[in-house]
Amino acid sequence: MESFINAYQSRINGDLGLVGLLERAVMLTGHIIPGVVGIDDLSYLFSSLSRLLRHTHDVLLSNASITHTREHTDSVDSLQMKLIHLLAVLEDVDIIAELMARRIGGSMFQYKMILLIELIRAASRLLLLLKHGNHTFDPKIVFFLDREKLVCQDCAKGQLLVDGICPICDPELFQRSQECAKTGDFSQLLCPTCGDAVDLKTLWSWVEEHGLHSKISFYATPEEVGANMSSVQAEKAASAYTTLQQRRTKGLVSSRLSLPIFAAEILDIVRPVVHLCLQGFLGKKSWVAYNCSLLMDLAIMYFRAISFSNLHPREKRQHQRRAMQLLKYFLRSPVLDDYTMKYLIAIIHFVRNYVPLGGIISSSMQSQLQAMTSLYTLQWSDRIL
């Protein structure tokens, strides 16, 4: 198993274009297969696989990036990253886990599976909050890799190093850097543009002092258009690697944990569990469960708005996205069943009768609507598939 993982990682490290192609192929399969075999659940299966594949590739590419670029001291708490990994994976598999539970054991087993997932999620977030002060974050963003900045524009395969060097276009320099990394002697690693020695152990300060260079500039036109382009590439790569290095050495760093933010995070952690328990006692269409969840979400928005100016930019974007998600309460039971459903059905009929290709579009809308009414994860999560 370990040899397979190593071989797979070597393969994707050598061809970033193949990575994106594989992810798109899985997603496209999820759109085609359900229409052929008539099983809508397959679309959610392939959608979950596609997101899980993207997350796995980002983690593998991030690890490879740091290994190729410089030696580092991994001082981040491993428990913190494991918990964030767990939260990210749960976001990828929660829908398919709920579907499988419903098929295996019916609605009661489905409810127990959802409750188990939410309890694991709540416990992980609570531990991150109390031990590391982490709040107002999206676990997927923590591991997101900006591949556009890292992929070489010349070959569309190689992953650029911090100074813009591509292992595919510059195999000789890349090989020398790997040999120097193994021996710990970087005195023979020279920049092919200026001839200065490149010490990978202090590469960040070297880039700031000497500027950005790349062997790709050897292939530039006399007007040095190519050299300018590779400088832009190197600058983007350096920016992406800086973000990666901060993640590996500092982990997830949140803004100061004030009392309003702490209250908002506690409410956000317990809200899904409280709502699920109320639904378990009072029924799926309980107005008490619905109103309790809505009031808690409004309180969360209020407490975070109080400390909005003190949040990091990433946290501000997360807060604004969550505020927009309040509109999803129009698509949640019992409002969906008692009020919104009739308007959505009218829209579906209009699309089917008056819009070009309306039959295909309306069928997809109807399938999504049916899934919304039967899957808790789709109806009450922060995303719409």
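**A guided reading of a predicted helical chain**

Cys277 is partly exposed, with a relative accessible area of 31%; residues count as buried under 20% relative accessible area, as exposed over 50%, and as partly exposed in between (1.4 Å probe, protein chains only). Cys292 is likewise partly exposed, at 25%. The structure holds zero disulfides, a disulfide being a pair of cysteine sulfur atoms within 2.5 Å.

The model is predicted: local features need pLDDT of at least 70 and side-chain atom pairs count only at pLDDT 80 or more, whereas totals for chains, interfaces and linings use all residues. Residues are numbered from 1 along each chain as its sequence is written, and side-chain values use heavy atoms, with hydrogens and water left out.

The pLDDT, which is the predictor's confidence in each residue on a scale from 0 to 100, averages 77 over the protein chain, and 73% of the residues score at least 70. Over residues 212-229 the pLDDT stays under 50, although the model has 37 contacts (heavy atoms within 4.5 Å) for this stretch beyond four places in sequence. Where pLDDT is low, the predicted coordinates should not be read in detail.

The overall architecture may be considered next. The secondary structure of the protein chain consists of 15 helices and zero strands; helices (H or I, at least four residues) and strands (E, at least two) are DSSP runs, numbered from the N terminus. Of the 385 residues in the chain, 44% count as buried. Among contacts with a separation of 6 or more, 71% join residues 24 or more positions apart.

Helix 3, which covers residues 41-69, is the place of Ser48. Ser48 is buried at a relative accessible area of 4%, and beyond its neighbours within four places in sequence it is in contact with Asp92 and Ile96. His57 also lies in helix 3 and is buried, with a relative accessibility of 0%. Not counting residues up to four places away in sequence, His57 touches Tyr8, Ile12, Val19, Leu22, Glu23 and Arg147. With Glu23 there is a side-chain polar contact of 2.9 Å; a polar contact is a pair of N or O atoms within 3.5 Å, where within protein one must be able to donate a hydrogen and the other to accept it, and residues adjacent in sequence count only if both atoms are side-chain atoms. His57 and Phe144 are 87 residues apart in sequence, yet their C-alpha atoms are 9.8 Å apart in space.

Helix 11 can be followed from its start. At its N-terminal end it is capped by Ser286, a side-chain oxygen of which lies 3.2 Å from the backbone nitrogen of Val288. Its 20 residues, 287-306, should span 28 Å at 1.5 Å a residue, and this agrees with the 29 Å between the end C-alpha atoms; the expected span is 1.5 Å times one less than the number of residues. The buried residues of helix 11 are Ala289, Tyr290, Ser293, Met296, Asp297, Ile300, Met301 and Arg304. They lie on the same side of helix 11, because they cover an arc of only 140° around the axis, the arc being that of the directions from the helix axis to the C-beta atoms. An α-helix has 3.6 residues a turn, so residues three or four places apart point the same way. The buried residues pack against helix 4 (78-132), helix 10 (259-282), helix 12 (313-324), helix 13 (335-354) and helix 15 (376-380). On the other side of helix 11, Val288, Leu295 and Tyr302 are exposed.

Ser307 belongs to the loop between helix 11 and helix 12 and is buried, at 5% relative accessibility. Apart from neighbours within four places in sequence, Ser307 is in contact with Ser258, Pro260 and Ile261. Its C-alpha atom is 9.7 Å from that of Leu257, a residue 50 places away in sequence.

Most residues other than glycine have a negative phi, and most peptide bonds are trans. Thr136, in the loop between helix 4 and helix 5 (139-142), has a positive phi near 50° and is buried, with a relative accessible area of 2%. Leu357, in the loop between helix 13 and helix 14 (358-374), has a positive phi of about 60° but is exposed, at 63% relative accessibility. The peptide bond from Ser333 to Pro334 is cis, with omega near 10°; Pro334 lies in the loop between helix 12 and helix 13.
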